[in-house]
Amino acid sequence: MGEAKRRKQQLGDQYGKEDPILPWVPITKTQAQRFVELTSRGAWIGIGLLVLTWVTVRFIGPSLGWWQVN
């Protein structure tokens, strides 16, 4: 019998399931990695929007006559 078959018989229903990060946290390693990727992408989108807003307020707005100070 091969190692994979022996492991499958030994583990039963748990075969092929991922282990959680910690025993008391019901989040798998793959889910944690996806969360990190998603939040990193969201952070970069937020940084981009912040820069776009800053450029608009600092340069484009005054050139169009917005926020004129006399």
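Reader: Is Ile27 buried, partly exposed or exposed, and at what relative accessibility?
Author: Ile27 counts as partly exposed, at 37% relative accessibility. Bear in mind that this is a predicted model.

Reader: Where does Ile27 lie?
Author: Ile27 lies in strand E2. That strand covers residues 25-28 and pairs with strand E1, residues 20-22.

Reader: In which sense do E1 and E2 pair, and over how many bridges?
Author: The pairing is antiparallel, over two bridges. A hairpin of two residues joins E1 to E2.

Reader: What is the bridge partner of Pro20 in E2?
Author: Thr28 is the partner of Pro20. Pro20 itself has its place in strand E1, and at 36% relative accessibility Pro20 counts as partly exposed.

Reader: Back to Ile27. Which residues make the nonpolar surface patch?
Author: Ile21, Leu22, Trp24 and Ile27 make the patch, with an area of about 420 Å².

Reader: Let's zoom out. How many helices and strands does the protein chain have?
Author: The chain has two helices and two strands. Along the sequence they follow the pattern α-β-β-α.

Reader: Which residues are in helix H1, and which in helix H2?
Author: Helix H1 is residues 3-11. Helix H2 takes in residues 29-63.

Reader: What does UniProt say about residues 43-61?
Author: An unreviewed UniProt entry annotates residues 43-61 as "transmembrane region". In the model that stretch is 100% helix and 0% strand.

Reader: And how far apart are its end C-alpha atoms?
Author: The end C-alpha atoms of residues 43-61 are 25 Å apart.

Reader: New topic. How many salt bridges does the count come to?
Author: The count comes to one salt bridge. The side chains of Glu3 and Arg6 form that contact, at 3.1 Å from N to O.

Reader: Why are Glu3 and Arg6 separated by about one helical turn?
Author: Because they are three residues apart in helix H1, the separation comes to about one helical turn.

Reader: What share of the protein chain is buried, then?
Author: Buried residues make up 3% of the 70 residues. The accessible surface comes to about 6700 Å², and 62% of that surface belongs to carbon and sulfur atoms.

Reader: What radius of gyration does the chain have, and what would a compact globule have?
Author: The chain has 26 Å, whereas a compact globule of 70 residues would have a radius of gyration near 11 Å. The C-alpha trace spans about 85 × 25 × 10 Å along its principal axes.

Reader: How far is Pro20 from Ala4?
Author: Their C-alpha atoms are separated by 21 Å, and the two residues are 16 apart along the chain.

Reader: Is Thr30 buried, partly exposed or exposed?
Author: Thr30 is partly exposed, with a relative accessible area of 41%.

Notes:
Residues numbered from 1 in each chain as written. Predicted model: local features only at pLDDT ≥ 70, side-chain atom pairs only at ≥ 80, totals over all residues. Heavy atoms only, no water. Pairing = 2+ DSSP bridges. Helix = DSSP H or I, 4+ residues; strand = E, 2+ residues; numbered from the N terminus. UniProt positions renumbered as here; feature names shortened; annotations may be inferred. Salt bridge = Lys/Arg side-chain N within 4 Å of Asp/Glu carboxyl O. Patch = residues over 30% accessible without salt bridge, like charges linked within 9 Å, V, L, I, M, F, W, Y side chains within 5 Å. Areas by Shrake-Rupley, 256 points an atom, 1.4 Å probe, with all protein chains shown as cover. Buried < 20%, exposed > 50% of the residue type's maximum accessible area, 1.4 Å probe, protein only. Rg over C-alpha atoms; globule rule 2.2 N^0.38 Å.
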